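Subject: Structure handover

Hello,

Below is the structure we discussed, for your files. My notes on what was found follow it.

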Amino acid sequence: MTLRSCSLLFAILLATHPVSAQDIVAHRGASHTAPENTLAAFHLAWKQGADAIEGDFRLTKDGHIICVHDEDFKRTANLAKHVHTLSLAEVQRLDVGSWKGPKFKGEPVPTLDEVLAIIPKGKRLFLEIKCGPEIIPALKKSVLKPEQVVFISFGKDVITQCRQHFPDFKAHWLTSYKENTLGRMKPSRKDVFNTLAETKSSGLDTNANIDQVTAEFVKQLRQGGYEFHCWTVDDLALAKHFRQLKVDSITTNRPGWLRAQLAGEG
Ligand code: G3P
Ligand code: CA
């Protein structure tokens with residue numbers, strides 16, 4: 001066999017048997033180690049080899065998009081004020097690193113544009129919209145690329161509007177399985193498919209519930225043309241389970257650790 005045919009065979013093998021078809025997404029950055037939703041956590045995620053980062057985004061009082069999970073800063077900066085009552089300048093004075101450890105003292109709240117600026121070529125941001133569709137005009141002011149940004153949200157109206165305003169972008173609906181007062185797990189499978197259809201979602205992104213997310217359910221999702229992602233998996237056995245279900249991505253607080261563990265499993 002010539003060197004040329006050998007490389008061709010190798011390329012075909014790689015294409016038909018990808019080494020890892022499933023992306024590892026760093027939840028709020030490498031947030032096990034660094035303060036969530038900060039540039040420190042996102043930089044660390046890239047350093048740890050994450051395929052993508054996940055971050056939570058909200059609007060300030062003066063219409064800027066910033067990266068923060070909760071609706072206030074009580075947990076991360078000891079400030080019980082709602083994000084939408086603060087200006088960008090006020091938010092930028094906060095220290096959202098110290099709560100995680102002295103070495104992160106002074107870590108600021110990043111803007112969406114600052115997060116976008118540090119995404120390496122070929123990597124992606126799972127941009128979770130935590131507020132409502134009022135964020136759409138502000139999103140249009142940022143330079144977003146469909147190969148770089150995937151919208152995710154629990155808000156059905158948010159997903160619907162993302163698909164309308166950004167038709168070239170993926171927008172996956174987030175849901176979390178919970179028991180209702182009658183002891184039934186919600187949402188039902190029927191509700192999930194109805195929502196995916198109504199919102200024109202490109203996929204489902206759900207908490208890693210092994211009872212609800214069965215092989216049959218995943219098959220149905222695939223038949224419907226939907227992507228399937230799950231969060232937040234910091235446990236090897238759970239990650240292996242979802243990998244076997246051929247999930248498109250696994251979101252974890254520990255991207256480097258999880259990749260190493262999965263590689264060790266072959
Ligand atoms: O990736 C989705 C996941 O982040 C949703 O939950 O509460 O961590 O934003 P939460
Ligand atoms: Ca999130």
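Helices H8 and H9 make a right-handed crossing (right-handed if the near helix is turned clockwise from the far one by less than a right angle, left-handed if anticlockwise). The axes of H8 (residues 189–199) and H9 (residues 215–223) come within 12 Å and cross at roughly 20°, so H8 is roughly parallel to H9. H10 also passes H11 in a right-handed crossing. For H10 (residues 236–244) and H11 (residues 255–264), the axes come within 10 Å and cross at roughly 70°, and the two helices are therefore roughly perpendicular.

Conventions for the helices: they are DSSP runs (H or I, at least four residues), numbered from the N terminus. Axes are lines fitted to C-alpha atoms over the stretch in contact, with angles from 0 to 180 degrees between N-to-C directions. Under 35 degrees counts as roughly parallel, over 145 as roughly antiparallel, 65 to 115 as roughly perpendicular and the rest as oblique.

This is a predicted model, in which local features need pLDDT of at least 70 and side-chain atom pairs pLDDT 80 or more, while totals for chains, interfaces and linings use all residues. Residues are numbered from 1 along each chain as its sequence is written, chains are lettered from A and ligands numbered from 1 in the order written, and side-chain values use heavy atoms, without hydrogens and water.

On ligand 1: oxygen atoms of the ligand lie 2.7 Å from a polar side-chain atom of His 27 and 3.3 Å from one of Asp 56 (polar contact: N or O atoms within 3.5 Å).

Regards

Note on methods. Polar contact = N/O pair within 3.5 Å; in protein donor to acceptor, adjacent residues only side chain to side chain.
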